[in-house]
Amino acid sequence: HWYPDFDGDNYGNPAISLWQCTQPAQYVLDNTDCNDNDANIYPGGPTVRIKKATTSYYSALQSAFDSATNMDIIQNRTAVLTEDLLLNRNISIVIKAGYNCDYSSNSGLTMVNGNVMINDGLLIVEEGTLQIQ
């Protein structure tokens, strides 16, 4: 079976398949794409994003925080992030943690293995679980 890869991330849409001996253009063998309309959403893809008019994706929570503006919403997939986090900007950030692969539901936890320091600003955990170890 071949699965269409509309967004070009090398992960195919599990809802559609084509039975053919040779690989058609824009089709792949992997059928585990979480969202075939966004090349940044796939198993093992970026675990952090800032959701706004133009969504930005990050592999680290610190990178998202450094790019955020006041009252931005940072969404985290269910993951273990190994990093230190320093919040040292006079802005308020909302964290929504524990999303599934396509960011459609919030039922898990995001874990940060590292030190977290808040010197300035405000961190609001609005949904999900953000665990610091």
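**Figure 1. Lys96 and its salt-bridge partners Glu126 and Glu127.** Glu126 counts as partly exposed, at 46% relative accessibility. Here buried means under 20% relative accessible area, exposed over 50%, and partly exposed in between (1.4 Å probe, protein chains only). This is a predicted model, in which local features need pLDDT of at least 70 and side-chain atom pairs count only at pLDDT 80 or more, while totals for chains, interfaces and linings use all residues. Residues are numbered from 1 along each chain as its sequence is written, and side-chain values use heavy atoms, with hydrogens and water left out. Glu126 forms a salt bridge with Lys96, with 3.3 Å between the closest N and O atoms. A salt bridge is a side-chain nitrogen of Lys or Arg within 4 Å of a carboxyl oxygen of Asp or Glu. Lys96 sits in strand E7 and Glu126 in strand E9 (residues 116–127), 30 residues apart. Strands (E, at least two residues) and helices (H or I, at least four) are DSSP runs, numbered from the N terminus. Lys96 counts as buried, at 13%. Glu127 also meets Lys96 in a salt bridge (3.8 Å, N to O). Shared partners join Lys96, Glu126 and Glu127 into one network.

**Figure 2. The salt bridge of Lys52 and Asp72.** The closest N and O atoms are 3.1 Å apart. Lys52 lies in the loop between E3 and strand E4 (56–58), and Asp72 in the loop between H1 and strand E5 (73–77), so the pair ties together parts 20 residues apart in sequence. Lys52 is partly exposed, at 38%. Asp72 is buried, at 8%.

**Figure 3. The largest nonpolar core.** A nonpolar core is a set of buried Ala, Val, Leu, Ile, Met, Phe, Trp, Tyr and Cys residues joined through side-chain atoms within 4.5 Å. Strand E7 gives the most, with 6. Leaving aside neighbours within four places in sequence, the contacts of Ile95 include Leu61, Ile74 and Leu123. Contact means heavy atoms within 4.5 Å.

**Figure 4. An open sheet of 3 strands.** The order is E6-E8-E10, and the pairing is parallel. Two strands pair if DSSP finds at least two bridges between them. E6 and strand E10 (129–132) stand at the edges with a single partner strand each, so one side of each has no neighbour in the sheet. 4 bridges join E6 to strand E8 (residues 109–113). Thr82 has Asn113 in E8 as its bridge partner.
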